[in-house]
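Trainee: I'd like a close look at one part of this model, the aromatic rings and what surrounds them. Could you walk me through it?

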Amino acid sequence: MDTLTENTVFPTASLRKIGHLVRNIKPIPDFRAVCNIEDDYTYAIVSTRYKLVQHSEVIAMLDTICAEVPGMFSTKVVKEVSLANHGARMKVKYTFPDITYEIAKGDTVALTLESFASFDTSLSQRL
């Protein structure tokens with residue numbers, strides 16, 4: 001996975017109609033291709049019930065969640081975003097090094113928040 005910066009440009013996925021060719025092109029009902037609209041890369045074939053969520057929407061949701069917790073962003077925050085498989089899979093990790101918990105004497109961990117998402121259906125949206 002490539003770790004990215006705050007200025008990372010995410011791929012924009014789109015649901016496209018698909019078809020098959022025997023003698024003529026015939027549409028395949030109830031299925032769509034999840035494609036990168038910049039380079040026409042196809043991530044997956046999904047049913048029309050599939051809800052496409054852009055990676056930037058996931059990060060915006062997490063930023064909103066953190067903003068609603070009093071004092072969460074008043075501390076130092078390290079945000080790491082990783083993409084894999086042509087941008088199809090994303091992992092975002094927020095680390096709050098100033099918010100720590102002592103699990104045992106001398107064993108301290110920092111608060112982290114992680115989310116995973118994918119366009120290729122390999123990961124379900126989770127937090």
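Trainee: To start, is Tyr-41 buried, partly exposed or exposed?

Mentor: Quick ground rules: this is a predicted model, where local features need pLDDT of at least 70, side-chain atom pairs count only at pLDDT 80 or more, and totals for chains, interfaces and linings use all residues. Residues are numbered from 1 along each chain as its sequence is written, and side-chain values use heavy atoms, with hydrogens and water left out.

Now, Tyr-41 is partly exposed, at a relative accessible area of 28%. On that scale buried is under 20% relative accessible area, exposed is over 50%, and partly exposed lies in between, with a 1.4 Å probe and protein chains only. Tyr-43, at 9% relative accessibility, is buried.

On to the rings. Rings of Phe, Tyr and Trp (its six-membered ring) pair if their centres lie within 6.5 Å; planes under 30 degrees apart are stacked, over 60 edge-to-face, and the rest tilted. That rule gives two aromatic pairs. One joins Tyr-41 to Tyr-43, edge-to-face, at 5.4 Å centre to centre with 65° between the planes. The other is Tyr-43 with Phe-119, tilted, at 5.4 Å centre to centre and 40° between the planes. This second pair links distant parts of the chain: Tyr-43 belongs to strand 4 (residues 42–47), Phe-119 to the segment after strand 7 (107–118), and 76 residues separate them. Helices here (H or I, at least four residues) and strands (E, at least two) are DSSP runs, numbered from the N terminus. Phe-119 is buried, as is Tyr-43. Put together, ring pairs make a cluster of Tyr-41, Tyr-43 and Phe-119.

There's a charge to look at too: the charged end of Arg-126 sits over the ring of Phe-116, 4.6 Å from its centre. The test is NZ of Lys or CZ of Arg within 6 Å of the ring centre and within 35 degrees of the ring normal.
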